[in-house]
Amino acid sequence: MPYPREFLREIHKNLLEVRLLEEKMKDLYAQGRVPGHVHSGVGQEASYVGVLSTRRAGDYFKLTHRPTALPRMLGTPLEMFFGELLAKKTGNSGGRGGSLHIGELRTGVLGMSGTLGCDTGVAVGAALTIDMEGRDNIVYMFMGDGTSSRGPVYEAMNLAAAWKLPVLFICENNQYAISTHASVSIPVKNALADRAAGFGMPSMVADGTDVLAVYEAAAEMSRYVRDRRGPAVLECQDYRWRGHFEGDQCAYRDSAVTGEWMEKRDCVKNLEAMLAEQGVLTAEEAASMRAAFDAEMEAAIACAEAAPSMTPDEICDGLYA
């Protein structure tokens with residue numbers, strides 16, 4: 001499919017910035033500067049950036065715990081992002097949530113449950129709000145392959161299908177639920193797409209390492225949902241490059257397989273090669289973008305580290321109305 005030059009440069013910019021932000025978080029954690037966990041999404045960015053490139057103002061998003069960098073693409077400032085990551089008052093929840101709870105309602109991010117899968121009911125509730133208000137919006141509900149087997153997911157999908165609510169259920173199948181491979185826990189080839197028929201939902205499967213393939217599939221499925229024909233399922237298949245969390249040694253998988261995915265299926269590297277071939281982006285331009293965004297991140301990190309931390313008597317502020 002032919003794309004305007006401006007669109008290709010914009011989707012590359014988003015893909016590159018999510019990658020660089022994920023790498024920066026990984027480095028900060030390794031340096032002992034993050035007071036909490038980081039679940040790295042390095043290598044999995046295309047499955048999300050491609051989907052979110054179909055969004056419109058007023059849409060809602062239920063994100064997963066990786067890539068953590070996505071709120072940046074949706075409009076959260078870097079100063080606030082790093083403030084939350086580094087447990088500072090400048091974070092979106094004053095540093096109380098950390099890496100798993102970065103995001104703002106004003107950007108459409110609906111927050112995250114501490115138990116994966118329970119979020120699905122929140123997404124369907126948001127879709128009911130959209131439906132009752134008669135708005136031309138949808139809810140993007142992201143989940144992993146492991147979450148796709150949880151009971152709350154199917155209760156919510158059943159209700160969304162019965163009431164024809166505007167939800168696009170997206171499964172990012174990176175093949176591992178913590179340390180469990182999909183082949184020993186999921187009885188179908190496509191974790192969520194093959195189960196969609198049970199709810200009368202259409203589904204598509206996309207190569208999650210190709211941001212444009214993801215975009216095209218997401219455009220078709222999101223259009224179906226926006227036309228008020230009911231919910232739909234999109235499955236993006238990629239591979240988790242790093243452990244479930246930073247520090248996970250990945251003793252449960254073959255490092256040679258991981259290395260092959262990293263070498264041959266790098267979504268950023270492959271997109272940049274294609275754009276260079278088409279004369280849309282030069283290597284020099286890509287390098288300049290990397291340097292500029294790195295400087296922007298470092299400035300935001302410095303602001304976050306200089307910001308105050310909450311005091312013990314402030315920890316429960318906002319807990320009760």
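In the predicted model, K62 and D119 form a salt bridge in which the closest N and O atoms are 3.2 Å apart. K62 belongs to strand 1 (residues 60-62) and D119 to helix 5 (residues 119-133), so the pair ties together parts that are 57 residues apart in sequence. Both K62 and D119 are buried.

A search of the whole structure finds 22 salt bridges. Among them is the pair K24 and E298, with the closest N and O atoms 2.7 Å apart. This pair links distant parts of the chain, K24 being in helix 1 (residues 5-30) and E298 in helix 10 (residues 283-306), 274 residues apart. K24 counts as buried at 12% relative accessibility, whereas E298 is partly exposed at 35%. K264 and E260 form a further salt bridge, with a closest N to O distance of 3.4 Å. Both residues lie in helix 8 (residues 255-264), and because they are four residues apart, about one helical turn separates them. K264 counts as exposed at 54% relative accessibility, and E260 is partly exposed at 45%.

The secondary structure of the protein chain comprises 10 helices and seven strands. Its radius of gyration is 19 Å, close to the 20 Å that the globule rule gives for 321 residues, so the chain is as compact as a globular protein of that length. Of the 321 residues, 52% count as buried. Among contacts between residues at least 6 apart in sequence, 73% join residues at least 24 apart. The mean positions of the 32 positive and 43 negative charges are 2 Å apart.

Conventions:
Residues are numbered from 1 along each chain as its sequence is written. This is a predicted model: local features need pLDDT of at least 70, side-chain atom pairs count only at pLDDT 80 or more; totals for chains, interfaces and linings use all residues. Side-chain values use heavy atoms; hydrogens and water are left out. Helices (H or I, at least four residues) and strands (E, at least two) are DSSP runs, numbered from the N terminus. The radius of gyration is taken over C-alpha atoms; the globule rule is 2.2 Å times the number of residues to the power 0.38. Buried means under 20% relative accessible area, exposed over 50%, partly exposed in between (1.4 Å probe, protein chains only). Contact means heavy atoms within 4.5 Å. Lys and Arg count as positive and Asp and Glu as negative; His and the chain ends are not counted. The place of a charge is taken as NZ of Lys, CZ of Arg, CG of Asp or CD of Glu. A salt bridge is a side-chain nitrogen of Lys or Arg within 4 Å of a carboxyl oxygen of Asp or Glu.
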